[in-house]
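Look through the sequence and the model below before reading on. The paragraphs that follow move from one part of the chain to another.

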Amino acid sequence: MTRESWATRFGFILAAVGSAVGLGNIWRFPWMTAQNGGSAFLVMYLAIILVVGVPGLLAEFVIGRRAKLNPVGALSSLSGSRGWGWFGLFNVLTSLVLLSFYTVVGGWILRYLVASLSGGYFASPGSFFSAISFGWGAAGYGVLFLLATAAIVLAGVRRGIELGTKLMMPAIVVLLVALALWAAGQPNAGAGLSFFLTFDPGYLRAHFVSVLVAAAGQALFTLSLGVGTMITYASYLDEDRSLPSDGATIAVLNTLVGVLAGFVVFPLLFSQGIDPGTGGPGALFVSVAGAFSAVAFGRVVAVAFFFVVTLAALSSSISMLEIPVAYLVDEHGLSRRRATLLPVAVLVVSGAATALDPSLFSLFADTMVNLMLTVGLLGFLLFAGWVLGPDALAEYVLGADGVGRATGPAWLWAVRTLLPLFLLGTLVVALLALAGVTAPLVVSVLP
Ligand code: TRP
């Protein structure tokens, strides 16, 4: 049986952008920005995307395309060592942790989408969120979201993931632009935009380390780094594509959508008079929903908004599920059907548990994700830089144009030294805060 591959170059880029653009951009990014001083966070985040995110993305691409295998197979076959295979299994585990809470948030969004049709939460947006966020209802909607994810993955790389993202991405961009224009006309929208866009160097100086760590975590999350999503997607790629230019395109498009989402969310927060520094992710749901209930045609706008978020979340969750699926197909010879159903069965249980227990949710969504993604990307960088070394550079320049080729040596140098040191630094800071040695970094995930 021949291994699956993308039908077109554009298909790969769209699928990778689809993976990157997700709840991270629309839900997590505004909330992290708000908690970390607005534009101070934005500036730091953009810098880290450029200096750490793009080279990290390329490290995953290089590993994936070189091996044409899932993370477990790629790391063990390219290194010839079982130890790296175990590291790949850690990545598969990370994808399951990630999906366990991501499907719960996906379920919240589905619930809001359904409720927007009837205006169900318009009377009391605040109590609606606390009523639906945890419990059996949340578990049910989470499973529904999981099944939608599984349906796309089941259809395969070309007919599922590629076709799905080709339909979803344009819809996301068009609807977000329309929503941003609408939001700009809301009362007090200007205050939201200036919070988002006016750079405050004083805040950055006073909270440098915590902004740095939060921005690094967000940069990894939004580019889908550190789990092997990008290894897996690049494993379906041919040699004639330029990795550096595709990687840069993906990072730019993802950042544009993230900033665009900020143009929707911040004006709405301020038009509702909500201090964006308080309340975390729940407040985001509450305030956005509150804004819709306050205006004419609120229902139409609300449906459009939660529909966009649903599409963005789906095009990301399929990229997480593809990791265990590719692993089971490549390494254990399962059919795609069985390889999909097996992790889905596990996720029904772990997702439901996450939906029932708020403390498990915040353990997964906050603490574990930050640590696991950082460790994951650290491993991929060391692998590309030191295990592959010159081979990584050879893969990097394969299919690249002049500009892409010229950046190769600097990329390899950064991947070997600078970037692992940086990630190690953020890991130590995060662990110290977790152990209570230093002040906590991020306020709890829950409202
Ligand atoms: N990047 C996605 C988002 O912003 C989430 C995501 C998809 C992801 N695949 C991933 C995050 C792999 C980390 C690793 O919502």
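Which helices do the buried residues of α9 pack against? They pack against α2 (23–35), α3 (39–67), α8 (157–184) and α13 (243–271). Helix α9 itself spans residues 189–197, and its buried residues are Ala189, Gly192, Phe195 and Phe196. Viewed down the axis of α9, these residues fall within an arc of 125°, so they line one face of the helix. The spacing follows from how a helix is built: an α-helix has 3.6 residues a turn, so residues three or four places apart point the same way.

Before going further, note that this is a predicted model. The average pLDDT of the protein is 92, and 96% of the residues score at least 70. Residues 443–447 have a pLDDT below 50, and this stretch has 18 contacts in the model beyond near neighbours in sequence. Where pLDDT is low, the predicted coordinates should not be read in detail.

Next comes the ligand. There are 17 residues around the ligand, and those that come nearest are Gly22, Gly24, Ser224, Val227 and Ser316. Which helices each supply at least two residues of the shell around the ligand? They are α1 (9–20), α2, α11 (208–222) and α15 (298–332). Sorted by type, the shell holds seven nonpolar residues, ten polar residues and no charged ones.

Most residues other than glycine have a negative phi. The phi of serine 224 is near 60°, a positive value in a residue other than glycine. Serine 224 sits in the loop between α11 and α12 (229–234). Is serine 224 buried or exposed? Serine 224 counts as buried because it has 28 C-beta neighbours inside 10 Å.

Asparagine 188 also has a positive phi, near 70°, and is likewise a residue other than glycine. Asparagine 188 lies in the loop between α8 and α9. With 13 other C-beta atoms within 10 Å, asparagine 188 is partly exposed.

Not counting residues up to four places away in sequence, alanine 215 touches Phe41, Met44, Tyr45 and Ile48.

Alanine 304 is a residue of helix α15. It has 20 C-beta neighbours inside 10 Å and therefore counts as buried. Alanine 304 and leucine 176 are 128 residues apart in sequence, yet their C-alpha atoms are 8.8 Å apart in space. Setting aside neighbours within four places in sequence, alanine 304 is in contact with Leu175 and Leu179.

Arginine 65 belongs to helix α3. With 23 C-beta neighbours inside 10 Å, arginine 65 counts as buried. Which residues is arginine 65 in contact with, leaving aside its neighbours within four places in sequence? They are Ala234, Ser235, Leu237, Leu243 and Glu395. Arginine 65 and glycine 80 are 15 residues apart along the chain, and their C-alpha atoms are separated by 17 Å.

Serine 245 is found in helix α13. It is partly exposed, with 15 other C-beta atoms within 10 Å. The C-alpha atoms of serine 245 and leucine 58 are separated by 9.8 Å, although the two residues are 187 residues apart along the chain. Beyond its neighbours within four places in sequence, serine 245 is in contact with Asp401 and Gly404.

The last stop is threonine 438, in the segment after α20 (408–434). Threonine 438 is partly exposed, having 14 other C-beta atoms within 10 Å. Apart from neighbours within four places in sequence, threonine 438 is in contact with Leu432 and Ala433.

Terms used:
Residues are numbered from 1 along each chain as its sequence is written. This is a predicted model: local features need pLDDT of at least 70, side-chain atom pairs count only at pLDDT 80 or more; totals for chains, interfaces and linings use all residues. A residue is buried if 20 or more other C-beta atoms lie within 10 Å of its own, exposed if 12 or fewer, and partly exposed in between; C-beta atoms are placed from the backbone. Helices (H or I, at least four residues) and strands (E, at least two) are DSSP runs, numbered from the N terminus. The arc is that of the directions from the helix axis to the C-beta atoms. Two residues are in contact if their C-beta atoms, placed from the backbone, lie within 7 Å. A residue is near a molecule or strand if its C-beta atom, placed from the backbone, lies within 6 Å of it. Ala, Val, Leu, Ile, Met, Phe, Trp, Tyr, Cys and Pro count as nonpolar, Asp, Glu, Lys and Arg as charged, and the others, Gly among them, as polar. pLDDT is the predictor's confidence in each residue, from 0 to 100.
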